[in-house]
Amino acid sequence: MANLGTRRAFSATFLLGAVTFLTLQGCSSTPSPAVETPAPAVPVPHAQVKASVPFSKKHIYSETADPKVDIAAALKQAKREHKHVLLDFGGDWCGDCQVLHIYMDQSPNKELLAQSYVVVNVFVNSDIDNHLDIGQKYGVPLKKGVPAIVVLDANGKVLYSPQNRESETMSRADAQSVTDFLNRWKA
């Protein structure tokens, strides 16, 4: 019988593999159940520390925010600060959206976002039937899934949308492709 630390490391590795699989598959319109891995009760050898860190869902998208108001405020701020506006359509229920934000929180992406973008997270429910008008206005075919990213200049002109994209979807992103994307569209 394996010891508790080995079983937990295996569970965390399995969970990491599942998150990677979901990233490669893209989000469906059905939310995935939350999976929580308890912290190890016994010390874990250094070589297993990275694998034993559990993935935890982060609250990113406000279900009560008014995206029209948020976008208007972001455009004003972008004009003042000479930045672009990055609209991020998604939901906390979406594994790909969670993974995309892990990449966005990593260096140098975090710094690129702070220097060149005002970010607006637009909540999309799991049935992908809310904010369709906003998605349509900015060229986001929400019925095809999320995450979906749009880049606007400070005047509200669409610079990039999934409708006119030349590259892979954000659901197929990795940390380097997020860096490349942010560099390409930065103000």
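Ring pairs join Y160, F181 and W185 into a cluster. The model is a predicted one, in which local features need pLDDT of at least 70 and side-chain atom pairs count only at pLDDT 80 or more, while totals for chains, interfaces and linings use all residues. Residues are numbered from 1 along each chain as its sequence is written, and side-chain values use heavy atoms, with hydrogens and water left out.

**Aromatic cluster**

- Two aromatic pairs are found in a search of the whole structure; rings of Phe, Tyr and Trp (its six-membered ring) pair if their centres lie within 6.5 Å, and planes under 30 degrees apart count as stacked, over 60 as edge-to-face and the rest as tilted.
- Y160 and F181 form an edge-to-face pair, with 4.8 Å from centre to centre and 80 degrees between the planes.
- This pair connects distant parts of the chain, since Y160 belongs to strand 4 (residues 158-160) and F181 to helix 7 (residues 175-185), 21 residues apart; helices (H or I, at least four residues) and strands (E, at least two) are DSSP runs, numbered from the N terminus.
- Y160 and W185 form a tilted pair, 5.6 Å centre to centre with 50 degrees between the planes.
- Here too the pair links distant parts of the chain, with Y160 in strand 4 and W185 in helix 7, 25 residues apart.
- Y160 counts as buried because its relative accessibility is 3%, and W185 counts as buried at 14%; buried means under 20% relative accessible area, exposed over 50% and partly exposed in between (1.4 Å probe, protein chains only).
- F181 is buried as well.

- Four strands form an open sheet in the order 2-1-3-4, with mixed pairing; two strands pair if DSSP finds at least two bridges between them.
- Strand 2 (117-123) and strand 4 stand at the edges with a single partner strand each, so one side of each has no neighbour in the sheet.
- On average, neighbouring strands of this sheet are turned by 30 degrees against each other, direction ignored; axes are lines fitted to C-alpha atoms, for helices over the stretch in contact, and angles run from 0 to 180 degrees between N-to-C directions.
- Strand 1 (residues 84-90) runs parallel to strand 2 and is joined to it by seven bridges.
- L86 stands opposite V119 of strand 2, and G90 has F123 in strand 2 as its bridge partner.
- Five of the seven residues of strand 2 are buried, so that strand is mostly covered.

**Helices on the sheet**

- Helix 3 (residues 67-81) lies across strand 1, strand 2 and strand 3 (148-152), at about 175 degrees to strand 2; contact means heavy atoms within 4.5 Å.
- Helix 4 (residues 95-104) packs on the sheet and touches strand 1, strand 2 and strand 3, its direction making about 150 degrees with that of strand 1.

**Helix 3 in detail**

- The buried residues P67, I71, A74, L75 and A78 lie in helix 3.
- Viewed down the axis of helix 3, its buried residues fall within an arc of 105 degrees, so they line one face of the helix; the arc is that of the directions from the helix axis to the C-beta atoms.
- On the other side of helix 3, V69, K76 and R80 are exposed.
- Strand 1, strand 2, helix 6 (132-137) and strand 3 are among the elements covering the buried residues of helix 3.
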